[in-house]
Structure formats: structure tokens, C-alpha cells
Amino acid sequence: MYWNPNIECMPLEDLKALQYRELKTLVNNLYSFNQFYHDRMRAQNVHPDDINCLEDISKLPFMYKQDLRDNYPTKMFSVPNNQIVRYHVSSGTTGKPTLVGYTENDLGYWTEALARSLTSIGIGRDDTLQVSYGYGLFTGGLGLHYGAEKVGATVLPTGTGNTERQIELMMDLGVTAIACTPSYLIHLGDVAKKMGVDIRRDTKLRKAILGAEPWSESMRQHIEESMGIKAYDIYGTSEQAGPMFTECEERKGIHVAGDIMYVEIIDPETGESLGPGQKGEMVVTMLKKEAIPMIRYRIKDVTTLMEEECECGRTSPRISRITGRTDDMLIIRGINVFPSQIEYTLLQIPQVGDQYMIYVTREGALDNMLLQVEIRPEAFSDKVEDMIKLRAHIESELKKYLNIAVAVELKAPGELPRFEGKAKRVIDKRMI
């Protein structure tokens, strides 16, 4: 089932022609009317007349998150304040936060993208969607909220926290789908067990839309087996508009609305463009964004681009599961390590639970990694020799997959912190 079949099933060559027309118009407008982009293009020695095909986008300069901070709050906006109908602001954990404004049309494109996405996973008028992302300055809650209402679903806007009450409402109101972070869904499942609630038996929940933090295929399998639901990946960033794109029922990549956003994959070191199927850093250009346009914005997420038609019939480009970020990659003794690699390894070990924390320290010139891991209740033992043997096994598996030695500290079930928003699993004390 499609929300907008004319666009979702458009032949790729036609889509690329549409993208070029949108890009050409965007570049002309920004060069003429946006001081930031005018100056950035002139510094790059590029003019709108140099953009004569879609591939010429590589001539345009990159845009970075620091640009948003340097021009805080509204210096990069392309419309007057009286056309802004909403603001969203990032957490701003370092330096100035990033602020994004929206015109009425911007909100319409965002909602349209989510309507296509939700329809692609079978959510519509017969569904009640529990939105357990944060509402407010964070884009997650409101984005899913309006997208679900657009397709006719009933929305339960629970936000984060008050988990026992959320479980009660899930049962009382017959919730069929939930949108939240993977870590919060796992936490919700743990709380449900303590309440004597079996998600599979006692609720109508059948689908989960999970994002806002990296998660692996192994995590998906664990969630589905433990809860009896289907889990779908959703992608978006506050800079582009918030959560916008999901997998379809085939779950073989996240569909991107190509008429709204153009995706490139580049080598993060050289900035050179990479072809379909090659892993690299994602760069996005928002073709339809009025308040604060984005041309060649370096997202820093690591993925691949797929251009072949999906088995669902959609021809829109797809990106593979985000495997990490170029800025969350840990370099330990010269070895590149992504937290997603650690999670994948842990989930292959039956005795290991869902929760872990990564601590990185430096002693002199030597980097060290400590991994705290919760053990499943059935695997936890009072016998010291059993725990020593299990710890050694975990350390051996990590070294095999990561090619570095990682010290492991075993924790009892429930001992590590739980997260109701985005999980923070990496503490890099080298930066403190």
C-alpha cells in the first residue's frame, strides 16, 4: 500500500530529473537571497551556472553543524520571522544548541514524508500509535504525532517516563504500535515483566518504530522474540526536520523521499563521492525546506545508498541501517571501534543481558576500554569461578571481533542505569 504512489513508484531517471530541477532552483535562490550560502559558494568559487546536472552537486560546499551554531539563532534563515510557525532545538551538549525553524510548508513536507513512511509499514486508521519519544524541543514526539494523525491513526502522546502508567494505557486503550528509542522499549519490557504483564499476551502491540539511537539487527531480533512484535527502523535528524523515513514491510533498507531529500555518500576523510553500495558518511540536501535550507549537510552517520527497486515496489532510494557515526567512532590503540560493533558482539552471547556501558580512559599514552555488562538472571551465579569463566569468554569474543583487548566487568541484573530517552552508553574519560 502506498500513500503517494506517483512519487514513491516514480522511475529512478524521472526522480533524478525532478531532483535536478529542485536543486537548480534551490541553489539559484540561496545564491541570490541567503547571505550565508552566497558567501560560502563564492569562497568555493562556484556559481549557480556551474550546476548543470545532478552530479554537479559535488561542486557545492559542505555545510556543518558548527555552521548552525556559529549563526545561532536565526542568521541562516531564508524567510522572515513572521513566516516561522515552529522552532525545534537540539540538546546542545557542547557549545551553542542548534536551532531549526519551520514554515507551514516545511511542516507539511515533514508530515508528508512520515505519512508515506507509516503507510509503508501498514499503519493507518485501524491503529493506535503510542508516541513515547520526547515532546517539546526534541523533534521526535511531535513529528511522529502529526504523521500518524495524517494517515488516520489514533495517537496516544505519552512522551517519555512514567513507564508503569504507559503500560497500563497500552493495555487499556488497545495500543497496536509504539514509537520510541530501542533502549526505552527494552526498559518498558523489563518494567512490564515486573508488573506481571506479558506484552505478547496482555496487549495488542504488534509494531514498534525505533530510532534516535543506533541499534543492531541482533537487537531487533531480541526485541521481536521477547515481545512478539515487528520492529522497524526510523531515521531522521533535527537539522533535516526530525524523524522522517522508515523501512517498509520488507525491512531491507530505509526508504528516503527523494523529492524531499537528496542523499550522497562520501569518503569521510577525502570528501569524495562514493557509489551505491559503498559505505561512507551520509550527506543530505533538503530539496524542499524553506526556513533553513540545507545543502550538502554532513550528517556524520555511516551508511550505504541503494538505488535498485525495493521488493515492495517503491523505487525511492534507500539507505542501509546506520552502523555508527564518524564522530562516535572510538580509536583505541590505533584501532577503529564503533559502539554498534560491541553491541553486536554482546548480543551473540546468550548469557549477556540488554544493558552495557563503555568507559574509555587513558593512562599515559595508552588507551584502555572497560565494558560493564549485565548478566541475564538465569546466567548470574554466586560461584566466583563461574563468573570468572564467563567474563573470560566475553573478553575473548570481544577481542576476536574488535581486534583489541577489552576489560569486562560483570554486573548483576538491574544494576546498570536505564534510559527513558536516548541511551548514553559511552563515557570517554579521555575528553574529561
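Of the 432 residues in the protein chain, 56% are buried, where buried denotes under 20% relative accessible area, exposed over 50%, and partly exposed the range in between (1.4 Å probe, protein chains only). The model is predicted: local features require pLDDT of at least 70 and side-chain atom pairs pLDDT 80 or more, whereas totals for chains, interfaces and linings use all residues. Residues are numbered from 1 along each chain as its sequence is written, and side-chain values use heavy atoms, with hydrogens and water left out.

The protein chain contains 12 helices and 22 strands, assigned as DSSP runs (H or I, at least four residues, for helices; E, at least two, for strands) and numbered from the N terminus. Along the principal axes, the C-alpha atoms fill a box of roughly 75 × 55 × 40 Å. Among contacts (heavy atoms within 4.5 Å) with a separation of 6 or more, 65% are made by residues 24 or more positions apart. Carbon and sulfur atoms contribute 49% of an accessible surface of about 19200 Å², computed by the Shrake-Rupley method with a 1.4 Å probe.

The largest nonpolar core comprises 69 residues, of which L60, L144, I209, M282 and I319 touch the most other members. Helix 5 (residues 104-120) supplies the largest share of this core, 6 residues. Another core, of 24 residues, lies apart from it and includes M170, V175, V191 and L205. A nonpolar core is here a set of buried Ala, Val, Leu, Ile, Met, Phe, Trp, Tyr and Cys residues joined through side-chain atoms within 4.5 Å. Beyond residues up to four places away in sequence, L60 touches L23, V27, M41, Q44, V46, I51, I295 and R296.

Helix 6 (residues 140-150) is largely enclosed by the rest of the structure, because 8 of its 11 residues are buried. These buried residues are G140, G141, L142, G143, L144, H145, G147 and A148. After helix 6 comes G152, with a positive phi near 90°. In helix 10 (residues 217-227), the buried positions are S218, M219, R220, H222, I223, E224 and M227. They pack against helix 8 (182-194), helix 9 (199-202), strand 6 (207-210), strand 7 (230-237), helix 11 (339-347) and strand 19 (352-363). Helix 10 is followed by G228, whose phi is likewise positive, near 70°.

Several backbone features were also identified. The peptide bond from Y72 to P73 is cis, with omega near 0°, and P73 is placed in the loop between helix 4 and strand 1 (86-89). A241, a residue other than glycine, has a positive phi near 160°. This residue lies in the loop between strand 7 and strand 8 (242-246) and counts as buried at 4% relative accessibility. K300, also not a glycine, has a positive phi near 80°; K300 belongs to strand 13 (residues 297-303) and is partly exposed, with 30% relative accessibility.

N52 occupies the loop between helix 3 (35-43) and helix 4 (65-70). Its relative accessibility of 52% places N52 in the exposed class. Leaving aside neighbours within four places in sequence, N52 is in contact with Y20 and K24. The C-alpha atoms of N52 and R21, 31 residues apart along the chain, are separated by 9.8 Å.
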